[in-house]
Amino acid sequence: MLATIGVSSIEALFADIPKSLRLTRPLALDAGRSELEVFEELRELADRNVSTEDELSFLGGGMYDHYVPALIDSIIERSEFLTPYTPYQPEISQGGLQAMFEYQTAISELTGLPVSNASVYEGPSAVAAAGYVAKAATGKRSTFVASRGVHPHAREALATLAHAWGMEVVEAPLRDGVTDLPELDDQVSAVIVQQPNFLGAVEDLAAASSAAKAVGALTICSCDPLTLALLRPPGDVGVDIAVGEGQTLGNRLDFGGPSFGFFAVTEALMRRIPGRIAGETRDLDGKRGFVLTLQTREQHIRREKATSNICTAQALNALAGVIYLSWLGPRGIVELAELMLQRTAYARERLQSIHGVHALHDQPVVREFALKLDAPVDHVIARCREQGVNPGYPLKAEYPELADGLLVAITEQRTRADIDRLADVLEASVSKQLEAYEEVKA
Amino acid sequence: MADPSYPDDLLYHPEHDWARVDGDEATFGITWYAQDALGEVVFFDPPQVGAQVKKDEAYTEVESVKAVSDVFAPLSGEVTEVNDELKDKPETINEDPYGDGWLVKIRLSDPSEAESLMDAAAYEATLS
Amino acid sequence: MSWFTAAADDELTIYERSKPGRRAFAPPPLDVPERPVEELIPDALRRTEPPRLPEVSEPEIVRHYNRLSKRNFDLDTGFYPLGSCTMKHNPKLHERVAALPGHSRLHPLQDPRHAQGALELMWQLQEALAEVAGLPYVSLQPSAGSHGELAGVLLTRALHEDHGEERTKVLTPENAHGTNPATVTMAGYDLVKVATDASGNVDLDDLRSKANEEVACLMLTNPSTLGLFEHGIEEIERIVHGVGATLYYDGANLNAIMGISRPGDMGFDVVHFNLHKSFTQPHGGGGPGAGPIAVSERIEPYLPRPQVVRREHQGNGAEMGGGFVGGCYYDLDYDRPKSIGRLRGFQGNYGVFVRSYAYIRSLGAAGLREVSEVAVLNANYLLARLRREGVLEYLPEAYERLCMHEFVLSGAPMRNQLGIKTLDLAKRLLDFGVHPPTVYFPLIVDEALLVEPTETETKETLDRFAEIIAEILREAKDNPEVARHAPYTTPVRRLDEAAAARRPVLRQAM
């Protein structure tokens, strides 16, 4: 090969790199290892994680321990879906492009908005990306108003970018667990709410969207997609942009990623939406086919005027999402959501009746709710975990005003027996903790 | 339109735009060269009626599948009419760039600006 | 739907297969007392009609997506020399380790004390990437290359703000990947383009004229998007740092220099990695990926929150619970007062980290270096083979230099002499079972064809590719019409992209 090139060594191929920039020692990394050694190491690392297989977990807060049906793995493991690049040559990418079209349709149905893209990275950054769209659509305004009920990570991601745009994120407080929207003015570019909110409460989106429209602002709603089986679609109540975390649709927890974000908008915002979109068309012979379309929005054409800088998205995870939604079907998704609704109601009632445990709010909830404990949450959680139960997420880090708050999530994998066990363990832990406190006081 | 054409009755701007002047009113569009370079036009978002356009400045964009191009005003004035037909049939810009593919009609603020534009021969010369 | 012929069974969408009453999922039985739904969710907030999802059984879903998959070309099936994308083989071990429940079923809000395996993996990956980059601090948070670019420019903003400086511009070369200028605007800056000279490098005079104290940053890829090492990189560093701006490295082309040269040593302040390129995360048809960044000491305070850190543990560590090895533990550090904040939820695309970590452990120091050596060898060999086949007469190199891991050809002579464009060549390649190289990028080369073979291709594959190109050119000499209407043997023929953009149909009508 070197002879064909016309050089005498591989070294000669790097002649363009100045000697002063050549690394003169090997990289300070361990030597390579055999496949079985690498496997062992990765397994050993896995063993030092307490996963939802190792304990009874009621953790939620944006990602949930749902059952991922086996057919998803068998499909997304296929080389033809796993290994190709973004479909720049549509004639040999009809599989991926059609799957995107099917996915876009499903998201449009769930959200009640006509235009969906083919995925963005995940939930919180989708909220920030929606802010970018609102900023372009309303023209230069100074503020976003984001409910305190929006996921803390999403509010932070929006704030990071808003700062770069010279805009401010003003927080709308929660009252009784739901958004208490302040008076808006024409400096507000968008109102951002979450459905259900971080404390699990169902919000009145129609109220938020009409307040926004009155000042010419957009309404952005970050939603939990499975709950949209039961809740009024955001598109039906005046929301302009519906985004959200897609992990619950056929993707694993994976310690937070990869998953996907969905992004749907009104017809009016179609040419402002970020990300890849698949569109239907025909070929030379009149046969139906699919292509990436509206590409003039995107970075590779529009460059500095693009609707976003996104290039690689989350195609494989979105594929898992559409397979999951097809697996559920229209009745299945409602049944699944109703199962969670009933179990959540049951769990909330059982736990609230424990001495030293109270509801943080009594708004309608679908799959997650917030409790207030009379004993320090960290200690209660530690005691529960000794019993192999992880009762939920402590709220104090992001909601210091709810210092003794605990967020409890229910999925279809948490049975009544699991919930009863949680109740028993929580009751014992809270009472032991209260006893210990009494002893200390005495 | 298959073959290059640059009608004699029009005035031309170096950024590949034409103007048809009639007293203190004018019609603007893009030249054969521009639509050929762009490829099949898929979208045209016209300015508002009443908007001010300024000579040598971009007043709108034309999009093809793989490109976006600024459209430059050959002359200054106020938009009196926009070609709404292009909303449903943007490809008219390719098929008939000087006729049905017109973009906007303007009331000129300074008709003397027309003196700085090129005639068909001068414009064609810049293309080679 | 009357404007195209009805789809054959093969081509129906999942909705078109839908039949009322069919289903796949059966819910577990309700095991708690049932309360009326109206009591639990008020009417005004409740959905009245279920979403119109497909009604299909499991066998139908499996068959549908399997058949769809066969209408995709993929890397495991054939050669994929897509320039700038680094389509190298995805080792199959990675899927096995990523699926281990200890990794895949770990909740992101799990107490860090009970996620020590995950946090240690992330920390080790950070250390390895830092070593490859030659920069000491790494954040794994960004979700893809362009997300990493955004992080890098936001970090620059934070640095200048912290020093009380207001800067409004960011420079990128005119041949930059589109994500660079898009990132500039998204990060709130104005874009200024820098010219390239006749050798394909940044024009130093143009850079000098544009570099001033209004400039926050220069974003550069090295090797460039033309596959060429920036000759003047040391001078570029002096100019940019001389005006107090930062130097950002787009790591898309890292495959050419791992273990050979390091962006940190070239003077870059921020580097992003595309784990779905050099570190072989499978592309998935358009993601997932990950775009970690490595930064210099002075940028470290501004890194996104949280950071994965290693701490010594106090006392005997008993109070920390189980899972500790040695005198230290791993943690998520939120206490970062100068941080730019978060870019996304949780910690990043952990599943991608698992795969890339396995890759780095498999290859080791020598293996990574060999990756770059062979990547550069393969690209140069392929170029030489194309020359031998006479291909470069019609598709000359854009720049007559040694290339690195990829090279750019111009199809302009081919268009002028044979009457077929780069697009036609690409479409004809599809009939030969090869994925075309990247077309029409970079923008500054007329009829560009960007070819990146990567290191995991054999000599035979490269030889065959050169032969195929030569054959297509011979065919075009005879009859250009063939390539102009290609492809012929793919699941669909050439598609009407203009129609798709003019009257967009973006979902199934119902």
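Two strands pair when DSSP finds at least two bridges between them. The legends below describe close-up views of a predicted model.

**View 1. Antiparallel pairing of strands β4 and β6 in chain B.** β4(B) pairs with strand β6 of chain B, which spans residues 58–64, in the antiparallel sense. Three bridges connect these two strands. Within this pairing, Val41(B) stands opposite Ser64(B), a residue of β6(B).

**View 2. The open three-stranded sheet of chain B.** The strands of this open sheet follow the order β4-β6-β7 (chain B), and their pairing is antiparallel. Strands β4 (41–44) and β7 (68–72) of chain B form the edges, each pairing on one side only. From one strand to the next, the twist averages 30°.

**View 3. The contact between chain A and chain C.** In this contact, 164 residues of chain A meet 172 residues of chain C. On the side of chain A that touches chain C, the element giving the most is helix α10 of chain A (residues 315–352), with 23 residues. By class, the residues on that side of chain A comprise 78 nonpolar, 47 polar and 39 charged.

**View 4. The contact between chain B and chain C.** Chain B supplies five residues to this contact, and chain C supplies four residues. The side of chain B that touches chain C consists of four nonpolar residues and one charged residue, with no polar residues.

Note on methods: Residues are numbered from 1 along each chain as its sequence is written. Chains are lettered from A and ligands numbered from 1 in the order in which they are written. This is a predicted model: local features need pLDDT of at least 70, side-chain atom pairs count only at pLDDT 80 or more; totals for chains, interfaces and linings use all residues. Two residues are in contact if their C-beta atoms, placed from the backbone, lie within 7 Å. Helices (H or I, at least four residues) and strands (E, at least two) are DSSP runs, numbered from the N terminus. Ala, Val, Leu, Ile, Met, Phe, Trp, Tyr, Cys and Pro count as nonpolar, Asp, Glu, Lys and Arg as charged, and the others, Gly among them, as polar. Axes are lines fitted to C-alpha atoms, for helices over the stretch in contact, and angles run from 0 to 180 degrees between N-to-C directions.
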